[in-house]
Amino acid sequence: MGRKQSGPMGRPRKFDADEALERAVLTFWEHGYEGASTAHLANAMGISTTSMYAAFGNKEELFRKALERYTEGPSAYLVQALEEPTALGVATAILAGTVRTTTRPAHPHGCLGVQGALAASDSGREVRDLLVAWRNSSYSCVRERFQRAVDDGDLPPETDPGLLARYVTTLAFGIAVQAASGVGRDELQELADAALRNWPLS
């Protein structure tokens with residue numbers, strides 16, 4: 001009686017969870033955490049809200065999984081940039097990766113970690129805290145890499161690696177905001193190039 005779809009417990013899901021999560025990433029990326037309603041997410045993922053909760057948990061848990069996927073996918077350029085042999089190469093790769101990722105055709109512009117932070121109500125507090133930690137983690141990784149550059153003589157001994165890392169990451173997040181506002185890739189890359197012209201050299 002109206003329960004044809006229920007089936008026995010443990011029945012295999014009738015959707016691709018990986019593909020559904022990818023769609024959730026795009027939805028959060030475009031609309032932010034609060035801008036993406038549960039119904040909107042389920043519709044974008046091509047599943048029912050019941051299936052969404054069963055597979056991914058509540059909206060906050062889904063966002064955590066989406067942010068992890070984003071970090072391993074579109075935002076993976078950060079980890080790759082840290083492997084560059086010089087601090088200037090690291091900074092150049094971070095900013096180029098930010099410009100490339102935040103202006104990709106057929107993808108939302110901006111950064112999920114910035115767009116997702118546009119949560120104003122108390123219900124979004126944990127997500128805001130999550131994104132603060134996410135951004136701070138990026139900053140810490142860059143700071144540690146620049147400290148190594150100072151220790152290795154790649155940066156002048158008087159360089160403050162924390163300040164330099166804050167400069168680069170703040171610029172990267174600013175580029176993401178500008179990209180979300182519609183500023184084009186070429187202009188943003190010119191901005192990134194200009195910002196690195198006075199890089200401290202050893």
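This is a predicted model: local features need pLDDT of at least 70, side-chain atom pairs count only at pLDDT 80 or more; totals for chains, interfaces and linings use all residues.

Mentor: Happy to! On a 1 Å grid over the protein atoms alone, a cavity is a set of points where a 1.4 Å probe fits but cannot get out, and lining residues have an atom within 4 Å of a point. Grid points are joined across faces, edges and corners, and a volume is the space filled by probe spheres set on the points. Residues are numbered from 1 along each chain as its sequence is written, and side-chain values use heavy atoms, leaving out hydrogens and water.

The structure holds one cavity of 30 Å³ or more, and the volume of the largest cavity is about 140 Å³. Its lining includes Y77, I94, W134, S138 and F173. Helices here are DSSP runs (H or I, at least four residues), numbered from the N terminus. Two or more lining residues come from each of α5 (77-81), α6, α8 (125-151) and α9 (161-180), with α9 giving the largest share, four residues.

Let us follow α8. W134 and S138 are among its buried residues, where buried means under 20% relative accessible area (1.4 Å probe, protein chains only). The buried residues of α8 pack against elements including α5, α6 and α9. As for confidence, α6 (residues 87-102) has the highest mean pLDDT among the elements, 97.

Notes. pLDDT is the predictor's confidence in each residue, from 0 to 100. On a 1 Å grid over the protein atoms alone, a cavity is a set of points where a 1.4 Å probe fits but cannot get out, and a pocket is an open set with protein on both sides within 12 Å along at least five of seven lines; lining residues have an atom within 4 Å of a point. Buried means under 20% relative accessible area, exposed over 50%, partly exposed in between (1.4 Å probe, protein chains only). Contact means heavy atoms within 4.5 Å.
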